[in-house]
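Have the model in view while you read along.

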Amino acid sequence: MHNRAMSELSHSIADLRKSYERAELNDAASCAAPIDQFDRWMNEAVAAQLPEPNAMTVATVGADARPSTRIVLIKGYDARGIVWYTNYDSRKGREISGNPFAALMFHWVELERVVRIEGRVEKVSDEESDAYFNSRPLDSRIGAWASPQSQVIDSRTVLVTNAAKYGAQFLLKPPRPPHWGGFRLVPDTWEFWQGRKSRLHDRLRYRQAAPNSADWIRERLAP
């Protein structure tokens with residue numbers, strides 16, 4: 001019965017279809033700079049009141065050449081790149097330390113849009129990390145101390161006990177942990193995907209004209 005149920009579910013998943021007809025991504029109407037196109041789409045995602053439009057997938061590769069992904073929240077972006085914050089001792093932190101390249105992906109389902117970004121990753125300045133850490137709610141600041149992210153723990157009691165310990169130690173002014181801070185992905189490649197009818201989707205790729213160049217080459221890719 002179990003195998004039969006799985007087989008039936010597999011068939012039903014294979015039959016799922018959606019026609020993408022909300023919008024188009026026109027070459028002439030797109031921005032010359034990818035950060036401007038991203039800003040336009042991000043603002044439209046926020047204005048549409050999508051659930052967590054700031055959620056993005058971060059993909060890294062470890063020393064064993066195995067990729068891994070997780071969802072994090074973007075906390076800033078500008079011409080320098082895309083910023084998020086995390087525990088530097090986490091799996092993603094360790095993998096970035098050993099291989100400082102990553103890929104990001106935003107999937108705004110309701111707008112039928114995907115943005116993919118690739119590039120080198122660097123730590124943000126201590127000043128930037130301090131400023132963002134101090135803007136967080138108190139329980140989040142305590143949580144940064146309480147959670148040995150990505151490590152095996154015996155039970156949730158470990159987290160609760162740690163939170164109580166650090167809450168009593170730091171009271172209302174926990175400092176930023178030395179193992180916690182921001183990463184900035186400095187893009188060298190962007191791709192904007194807009195779902196279209198008949199699977200003839202729009203894909204625009206921006207790639208740097210040369211390493212560290214401010215000039216971008218914009219290309220249309222086949223879907």
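This is a predicted model: local features need pLDDT of at least 70, side-chain atom pairs count only at pLDDT 80 or more; totals for chains, interfaces and linings use all residues.

**Entry 1: one serine and its neighbours**

I began with Ser129 and listed what it touches, leaving out residues up to four places away in sequence: Tyr85, Tyr88, Val124, Arg176, Trp180, Gly181 and Gly182. Contact here means heavy atoms within 4.5 Å. Residues are numbered from 1 along each chain as its sequence is written, and side-chain values use heavy atoms, with hydrogens and water left out.

Next I asked how far apart Ser129 and Gly181 are in sequence and in space. They are separated by 52 residues in sequence, yet their C-alpha atoms are 5.1 Å apart.

Is Ser129 buried or exposed? Its relative accessibility is 1%, so Ser129 counts as buried. The cut-offs are under 20% relative accessible area for buried, over 50% for exposed, and partly exposed in between (1.4 Å probe, protein chains only).

**Entry 2: helix α4**

I found Ser129 in helix α4, residues 126–135. Helices (H or I, at least four residues) and strands (E, at least two) are DSSP runs, numbered from the N terminus.

The buried residues of α4 are Ser129, Tyr132 and Phe133. They lie on the same side of α4 because they cover an arc of only 100° around the axis. That arc is taken from the directions from the helix axis to the C-beta atoms. I then checked what they pack against and noted β4, α5 and β7. On the face turned away from the buried side I noted the exposed residues Glu127, Ala131, Asn134 and Ser135.

**Entry 3: helix α6**

I tested the length of α6, residues 156–170. At 1.5 Å a residue its 15 residues should span 21 Å, and the end C-alpha atoms are 21 Å apart, which agrees. The expected span is 1.5 Å times one less than the number of residues.

Which residues of α6 are buried? I found Asn162, Tyr166 and Phe170. Their arc around the axis is only 45°, which puts them on the same side of α6. They pack against α5 (138–146). The face turned away carries the exposed residues Arg156, Thr157, Val160, Ala164 and Ala168. After α6 comes Leu171, with a positive phi near 55°.

I looked at the meeting of α5 and α6 too. Ile142, Trp145 and Ala146 in α5 meet Leu159, Asn162, Ala163, Tyr166, Gly167 and Phe170 in α6.

**Entry 4: the cores**

I moved on to the largest nonpolar core, which has 29 residues; Phe38, Trp84 and Trp108 touch the most other members. α2 (34–47) gives the most to this core, with five residues. A nonpolar core is a set of buried Ala, Val, Leu, Ile, Met, Phe, Trp, Tyr and Cys residues joined through side-chain atoms within 4.5 Å. Another core, of seven residues, lies apart from the largest one and includes Tyr85, Tyr132, Phe133 and Ala144.

**Entry 5: the whole protein**

I stepped back and found six helices and nine strands. Of the 223 residues, 39% are buried. Among contacts with a separation of 6 or more, 64% are between residues 24 or more positions apart.
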